[in-house]
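User: Hello! I am new to this structure and would like to learn how to read it. Could you walk me through it?

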Amino acid sequence: MTDQQPIALDDISKQIIEELQADGRRSYASVGKAVGLSEAAVRNRVQRLSDAGVLQIVAVTDPMQVGFARQAMIGIRCTGDTAELADALATIEEIDYVVLTAGSFDIVIEVVCEDDEHLLDVLNKKVRSQPGVTGTETLVYLKLVKQQYNWGTR
């Protein structure tokens, strides 16, 4: 993620984002027809939105189907600079989500692991060993019921 200030989105950029959220594989020509622009204009806007960190076009997989049977959300309590710790955690390969929070935890992370042994290794050797970590609470996923990325724009 980025620390950049949000950019102002016009209605056309919002429509492009919503079209790609519905189906990220759509051609720029098809998106252009839907929003009233040429293929080249859509390609340029998507590139600018991508360069600005507004969107990414990626293949989202089901971790279970690609060999990652254990996912968990981990709440972390810490001392010191939470942003510094969050940056360090963000470099760990198994961690796909890092959020600074208020409340019971200072940081919440999501990990994707091959199995319970892998999760234990990540917890002990990569998370709890970080300077400033004073405690963790692990919420192991039993079943992913819903995950979506099509919340649109405002």
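Predicted model: local features only at pLDDT ≥ 70, side-chain atom pairs only at ≥ 80, totals over all residues.

User: How many helices and strands does the secondary structure of the protein chain come to?

Analyst: Residues are numbered from 1 along each chain as its sequence is written, and side-chain values use heavy atoms, leaving out hydrogens and water. Helices (H or I, at least four residues) and strands (E, at least two) are DSSP runs, numbered from the N terminus. Here the protein chain has five helices and four strands, in the order α-α-α-β-α-β-β-α-β from the N terminus on.

User: Which residues of helix H4 are buried?

Analyst: Buried means under 20% relative accessible area, exposed over 50%, and partly exposed in between (1.4 Å probe, protein chains only). In H4 (residues 82–90), Leu85, Ala86 and Leu89 are buried.

User: Why do the buried residues line one face of the helix?

Analyst: An α-helix has 3.6 residues a turn, so residues three or four places apart point the same way. Down the axis of H4, the buried residues fall within an arc of 100° (from the directions of the helix axis to the C-beta atoms), so they line one face. Glu84 and Asp87 are exposed on the other side of H4.

User: What do the buried residues of H4 pack against?

Analyst: Contact means heavy atoms within 4.5 Å. The partners are strands E1 (70–78), E2 (95–100), E3 (107–113) and E4 (133–140), together with helix H5 (116–127).
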